[in-house]
Amino acid sequence: MSILMAMVAIVCVTTFTACGGDDDDDVPGQDTGTVTFYEPCLEFGSSRDHVKDFMSGGTWQLMEESNEYVQMYSNSQNTTTVTYSFIGTGKGLTMSTVTYITYNAQSIVAEVERRYKVTMKKDTDATQPGDTVYGGQATINGRTTGIIVHCTSAIATVIYGRPD
């Protein structure tokens, strides 16, 4: 549960500092009704250059707020932001976050459950007034990955990280 709380704390930082673009690029996605679901780079431990290559093409732009610990991307529609964290041992990719500006957060939760074959459980201990937090674990790329979806009235943030 401590990794869940750490991921929720990080989502609060990225949710309130990140605003980005819609996903009308060449990456396959599932229409959620208001935004297109985007699967970020989930190759944990990979380098910053690998993530840059992954995000190249399409309409994703590296944001000025990026630094040695965080790479933030958005595209021209300003409804989706992708944030990659490089904090910890070796500073390889440790967390991927996708923030959607949407009033249809349940469609994002449903797509996470469908795509990763996981049941997202509501976490009432991590919930603040106006927020809903869901958590679960799935096997992605052969590795156990913790997934948190933090929902407010107009934003859904999906956080992926290794639970170790």
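1. Asparagine 141 counts as exposed, because its relative accessibility is 56%; here exposed means over 50% relative accessible area, buried under 20%, and partly exposed in between, with a 1.4 Å probe and protein chains only. Asparagine 141 is found in the loop between S6 and S7. Helices (H or I, at least four residues) and strands (E, at least two) are DSSP runs, numbered from the N terminus. The phi angle of asparagine 141 is near 55°, a positive value in a residue other than glycine.

2. A note on the basis of these points. The model is predicted, so local features need pLDDT of at least 70 and side-chain atom pairs count only at pLDDT 80 or more, while totals for chains, interfaces and linings use all residues. Residues are numbered from 1 along each chain as its sequence is written, and side-chain values use heavy atoms, with hydrogens and water left out.

3. Lysine 117 is another residue to look at for its backbone. Its phi is near 50°, again a positive value in a residue other than glycine. Lysine 117 lies in the loop between H3 and strand S5 (121-122). At 75% relative accessibility, lysine 117 counts as exposed.

4. Next, the sheet. In what order do the 8 strands of the open sheet stand? The order is S1-S2-S3-S4-S8-S7-S6-S5, and the pairing is antiparallel. Two strands pair if DSSP finds at least two bridges between them. Why is one side of S1 and of S5 left without a neighbour in the sheet? S1 and S5 stand at the edges and each has a single partner strand, so one side of each has no neighbour there. As a general point, side chains in a regular strand alternate between the two faces of the sheet.

5. S5 and S6 pair in the antiparallel sense over 2 bridges, and lysine 121 stands opposite glycine 135 in S6. S6 and S7 also run antiparallel, joined by 9 bridges. Glycine 136 stands opposite isoleucine 147 in S7. S6 and S7 form a hairpin with 2 residues between them, and asparagine 141, with its positive phi of about 55°, is in the turn. S2 and S3 run antiparallel and are joined by 5 bridges.

6. Glutamine 71 is found in strand S2 (residues 70-74). Its bridge partner in S3 is tyrosine 84. Is glutamine 71 buried or exposed? Glutamine 71 counts as buried because its relative accessible area is 0%. The side chain of glutamine 71 reaches the backbone oxygen of arginine 48 at 3.4 Å. This is a polar contact: a pair of N or O atoms within 3.5 Å, where within protein one must be able to donate a hydrogen and the other to accept it, and residues adjacent in sequence count only if both atoms are side-chain atoms.

7. Contact means heavy atoms within 4.5 Å. Leaving aside neighbours within four places in sequence, glutamine 71 is in contact with residues including Arg48, Val51, Leu62, Val82, Tyr84 and Phe86. Arginine 48 lies over the face of phenylalanine 86, at 5.4 Å from the ring centre. The rule here is that NZ of Lys or CZ of Arg is within 6 Å of the ring centre and within 35 degrees of the ring normal.

8. Rings of Phe, Tyr and Trp (its six-membered ring) pair if their centres lie within 6.5 Å; planes under 30 degrees apart count as stacked, over 60 as edge-to-face and the rest as tilted. By this rule there are 4 aromatic pairs. The rings of tyrosine 38 and tryptophan 60 have centres 4.9 Å apart and planes at 50°, so this pair is tilted. Tyrosine 38 is in the loop between helix H1 (2-17) and helix H2 (48-55), and tryptophan 60 in the loop between H2 and strand S1 (61-62), 22 residues apart. Tyrosine 38 counts as buried at 1% relative accessibility, and tryptophan 60 counts as buried at 7%. The rings of tyrosine 73 and tyrosine 84 have centres 6.0 Å apart and planes at 75°, so that pair is edge-to-face.

9. Finally, the core. A nonpolar core is a set of buried Ala, Val, Leu, Ile, Met, Phe, Trp, Tyr and Cys residues joined through side-chain atoms within 4.5 Å. The largest has 32 residues, and those with the most contacts inside it are Tyr84, Val112, Tyr116, Ile147 and Tyr160. The largest share of this core, 5 residues, comes from H3.
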